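Reader: Please take me through the aromatic side chains of this model, with the criteria stated as we go.

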Amino acid sequence: MTARTIIGADPAATETSSQIHIAEEIRRRRREQGLSLETLAARSGVSRSMISKIERSEAVPSTVVLSRLAEALGVTFSRLMAPATEREILVIPASRQPILRDEASGYLRRCISPVLPGRGIDWVLNTLPPGASTGEFTAHRRGVSEYIYVLRGRLRAVIGERAVIMETGDSLYFEADAGHAFTNVGTEACEYFLVIDPSRVR
């Protein structure tokens with residue numbers, strides 16, 4: 001299994017607390033919905049054994065695995081990574097923004113939006129080293145949209161059967177009810193903002 005790390009100002013402490021939160025949140029939501037490990041595995045395409053390890057805090061899921069579990073549970077990616085808050089004005093220090101790192105590819109995913117119960121979007125800052133790929137994300141429910149803005153570098157986006165190349169400053173909008181993946185096709189690290197908007201889901 002590829003090692004993944006969640007990092008922050010104090011990497012060890014942040015990794016432990018975030019990993020525990022992810023485990024508890026997935027287990028709680030699965031049980032609230034009356035789902036067995038086998039049922040969640042069938043819904044998400046993630047193996048029963050991996051889900052069990054995640055729920056016991058024995059494994060940190062990759063971004064692709066976590067997105068599949070979030071979709072299967074009917075919640076956003078960020079909702080599984082960070083505790084929810086009801087505050088309407090919220091400053092999130094850089095040191096407290098959850099970061100998921102894929103050790104194999106060097107892919108970084110920083111959640112920079114607050115988690116607001118029952119509403120809100122996922123706003124994420126992604127960094128891909130040259131040649132690295134996110135892997136394919138599972139299709140969202142119909143009505144979920146995604147927006148991308150490339151801060152620097154060159155990014156290849158594949159949505160369903162279509163592929164586009166984006167340069168620094170380019171933006172992209174797409175309906176996210178098809179599988180999608182992103183690859184850095186440049187010679188430097190590629191940084192891009194990703195916004196996931198589930199507001200039209202019925």
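Author: Buried means under 20% relative accessible area, exposed over 50%, and partly exposed in between, with a 1.4 Å probe and protein chains only. Residues are numbered from 1 along each chain as its sequence is written, and side-chain values use heavy atoms, with hydrogens and water left out.

Reader: How many aromatic pairs does the count come to?
Author: Rings of Phe, Tyr and Trp (its six-membered ring) pair if their centres lie within 6.5 Å, and planes under 30 degrees apart count as stacked, over 60 as edge-to-face and the rest as tilted. By this rule, the number of aromatic pairs is 4.

Reader: Is Y173 buried or partly exposed?
Author: Y147 has a relative accessible area of 37%, which makes that residue partly exposed. For Y173 the relative accessibility is 41%, and the class is therefore partly exposed.

Reader: What is the angle between the planes of F182 and Y192?
Author: F182 is buried at 1% relative accessibility, and Y192 is buried at 0%. The two rings form a tilted pair at 5.9 Å centre to centre, and the angle between their planes is 45°.

Reader: Which residue's side chain does a polar contact join to that of S145?
Author: S145 is in strand β5 and counts as buried, at 2% relative accessibility. A polar contact is a pair of N or O atoms within 3.5 Å; within protein, one must be able to donate a hydrogen and the other to accept it, and residues adjacent in sequence count only if both atoms are side-chain atoms. At 3.2 Å, the side chain of S145 is joined to that of Y173.

Reader: What is the mean pLDDT of the chain?
Author: Where pLDDT is low, the predicted coordinates should not be read in detail. In this chain, 85% of the residues reach 70 or more, and the mean pLDDT is 84.

Notes. This is a predicted model: local features need pLDDT of at least 70, side-chain atom pairs count only at pLDDT 80 or more; totals for chains, interfaces and linings use all residues. Helices (H or I, at least four residues) and strands (E, at least two) are DSSP runs, numbered from the N terminus. pLDDT is the predictor's confidence in each residue, from 0 to 100.
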